[in-house]
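Hello,

Here is the structure you asked for. My notes on the ligand site follow below.

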Amino acid sequence: MKQIENIIQLDTNSTKSVDITNKSFFDIPMDYIANAEKHLHSAETKSVAYFSMEFGLAPSIYNTYISKNDVSKLNKKRSFEVFSNMRQMDYYHLVNIDTLVDMPIYSGGLGVLAGDTLKSCSDLKLPLLGVGILWNKGYFDQKFCFHFGQIPGEFTWDPNTYPGLVKLNKCVDVAIGDTVIKFYIWKYYVSSFDKKHVIPLILLDANHPDNPEWGRKLTDQLYTSHTVWWKIVQRKILGIGGMRAIKALGYNIDLYHLNEGHAAFAFVEMAKGLSDSKMKALTEHFAYTCHTPVEAGHDRLPINELAKVLSEEELKIARKQGQDINPELINLTLIAMNSSAHVNAVARKHEEVTKIQFPSHEEKISGITNGIHVPTWISESFETLFDKYKDVFVDWKNISINLQNINSLYDNTEFRKELWNAHKLNKKHLMSLLSPWMVQDNVFTIAWARRAAPYKRPSLILQNIKHLISIAKKNGPIQILFAGKAHPNDFVGSGNIKEILNIIDSLGEHRNLLKILFLENYDTYIAKQLISGVDVWLNNPLPPFEASGTSGMKAVLNGVLQLSTMDGWVVEAADKEIGEIFGYRPDDGEIGNEEDLKMREDSSSLYKKLEEMVKDYYHVEHADVDKGKYHSKWIDRMINCIEVAGFFNTSRMVNQYNDNVWKMTPIQ
Ligand SMILES: *Cc1c(COP(=O)(O)O)cnc(C)c1O
């Protein structure tokens with residue numbers, strides 16, 4: 001037992017767990033864990049700590065640890081409601097899901113990207129450490145209420161029995177104003193797809209009995225923001241607490257990567273007591289990825305409020321690094337940019353936009369386009385298909401660029417047939433999950449699912465219901481699936497959800513032509529069903545405010561066509577015929593106004609392209625083999641989708657970060 005305690009730094013109470021022995025941690029051999037930990041503790045190995053406010057690791061769909069101990073039922077089975085234009089079904093039926101819940105420490109795309117990044121680092125055997133926060137109450141539980149829209153509630157789960165999550169034998173202290181708060185440190189190992197390497201993720205938790213009652217709640221809810229004090233406190237915990245946890249556990253890190261400006265105080269912690277020239281040298285050990293051009297994504301915090309949480313020295317360094325144009329504010333984006341020798345944007349278009357927004361940092365900003373983790377987001381039927389053609393897609397899980405070899409199968413009728421059938425199988429799965437609502441697998445199905453943020457324009461497709469119905473009348477029925485949460489303090493986003501529910505409710509009599517379902521509590525489990533089980537993935541942010549977007553990348557991997565505005569990653573794939581592009585495009589060098597949503601113009605161009613896609617879909621759905629069913633435009637486009645998935649993945653993305661910024665050597 002001594003050995004495990006030393007390797008994992010496990011709390012002795014946890015070592016009673018039958019899942020952890022001298023030989024293995026759950027199903028991971030202890031040797032691999034010892035090797036990963038050894039390199040992260042060694043001064044000889046160049047290693048990276050990756051800070052993020054949220055991590056979406058998706059154990060509900062990938063690399064789930066199985067515990068031999070009792071797992072609290074809070075961590076398992078769950079059910080959710082659907083809001084549809086078939087109201088009686090909503091009353092009588094729930095959707096039941098029988099998997100482990102995701103560790104609820106993420107809210108959306110930023111967290112899923114962080115999770116996918118750790119997984120690809122693990123696949124590529126890089127010596128990297130994740131640093132985040134254990135959110136005791138998750139993000140929030142979403143309930144729908146007719147006429148009110150989304151009602152946020154408290155999410156409950158049990159970290160103590162969550163498979164793979166363990167408490168460590170060290171704590172760290174962080175002062176919040178005049179009170180010292182004690183934090184537990186937890187650990188979770190993110191294993192590679194072949195289970196031969198791990199990335200440790202350490203998580204801070206304020207729920208310690210030594211803390212005052214208010215202090216125990218500081219890491220309850222992700223992105224608590226009803227006062228600016230909360231925002232500052234949560235950022236201090238991540239940056240300063242995270243840095244202290246690394247030290248307390250004896251890790252020897254060379255480069256600190258800030259995933260978003262949330263973690264900017266990590267630099268402040270390291271810069272304490274340094275001269276100007278030493279502080280300048282310290283920036284060589286920091287890298288920062290900026291994820292959004294949207295105003296709300298950049299924290300500008302009042303100095304008088306910061307003074308209530310930070311020490312005098314911390315505030316002084318924060319001012320030096322992040323003074324906003326407004327003398328009363330400190331800008332965390334500026335701290336991160338000024339403190340990092342490497343600044344990254346998350347797509348080519350976003351690189352351009354970020355340079356316009358931060359001209360004084362233009363030289364150090366460069367773009368590395370986001371990706372998704374292929375082994376997590378591949379559906380079972382597509383995995384089987386790619387494995388069957390493994391001479392074409394050689395080692396595609398690890399070397400995902402090989403998906404581009406699909407071109408050599410372009411004229412292979414047998415393959416095209418299998419591809420269509422694999423898609424139909426995914427669609428059947430989704431339709432059976434939602435069977436009480438009588439959705440059908442031979443009906444054109446489109447989904448919009450992501451955080452309900454205003455610039456993403458959740459309700460765009462519902463702006464002219466008459467037009468939508470006329471398209472369905474003329475070409476065939478349409479099914480629309482929605483899912484997504486709005487941040488509880490985002491009144492516009494919450495208003496969008498209410499608007500959608502009200503429109504859905506008004507469409508009862510049209511249900512045979514137009515069936516619309518809004519699924520509660522969007523998470524990675526539902527995401528995986530949707531991205532693989534619909535025919536078309538709708539992505540309609542207002543350009544250029546979607547820095548990258550990743551859900552469409554998950555969809556193309558599974559042969560699902562795109563209906564998208566020209567924004568984010570799609571700009572880089574737009575000439576590849578992966579679906580239809582529509583809507584407003586800002587002039588070169590223009591950013592425009594994120595509040596001018598152009599709903600009327602863009603919805604009418606959306607309908608035009610939607611009608612073409614509905615036509616194309618029914619063409620392939622109804623065509624028989626003699627009419628060249630498998631040589632239709634639709635299947636051409638499905639092939640193109642998979643070809644681009646060869647680029648838009650985290651295996652390529654992590655390699656680019658490593659070549660350009662991190663410069664780690666893979667562990668043998
Ligand atoms: C992938 C994913 C997202 C990101 O969606 P975008 O369209 O990129 O905003 C958000 N939430 C969940 C649960 C996801 O899996």
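A polar side-chain atom of K554 sits 2.6 Å from an oxygen atom of the ligand, a polar contact being a pair of N or O atoms within 3.5 Å (within protein, one must be able to donate a hydrogen and the other to accept it, and residues adjacent in sequence count only if both atoms are side-chain atoms). The protein covers 96% of the 390 Å² of accessible area that the ligand has on its own (Shrake-Rupley method, 1.4 Å probe). For S551, the distance from a polar side-chain atom to a ligand oxygen is 2.5 Å; for an N or O atom in the side chain of K456 it is 2.6 Å.

This is a predicted model, in which local features need pLDDT of at least 70 and side-chain atom pairs pLDDT 80 or more, while totals for chains, interfaces and linings use all residues. Residues are numbered from 1 along each chain as its sequence is written, and side-chain values use heavy atoms, without hydrogens and water.

The shell around the ligand has 14 residues, of which R450, K456, T550, S551 and K554 come nearest (a residue counts as near if one of its heavy atoms lies within 4 Å). α4 (109-123), α18 (524-533) and α19 (551-557) each supply at least two shell residues; helices are DSSP runs of H or I, at least four residues, numbered from the N terminus.

As for α18, 10 of its 10 residues are buried, so this helix is largely enclosed by the rest of the structure (buried means under 20% relative accessible area, 1.4 Å probe, protein chains only). D523 caps the N-terminal end of α18, with a side-chain oxygen 3.1 Å from the backbone nitrogen of Y525.

Regards

Technical notes:
Buried means under 20% relative accessible area, exposed over 50%, partly exposed in between (1.4 Å probe, protein chains only).
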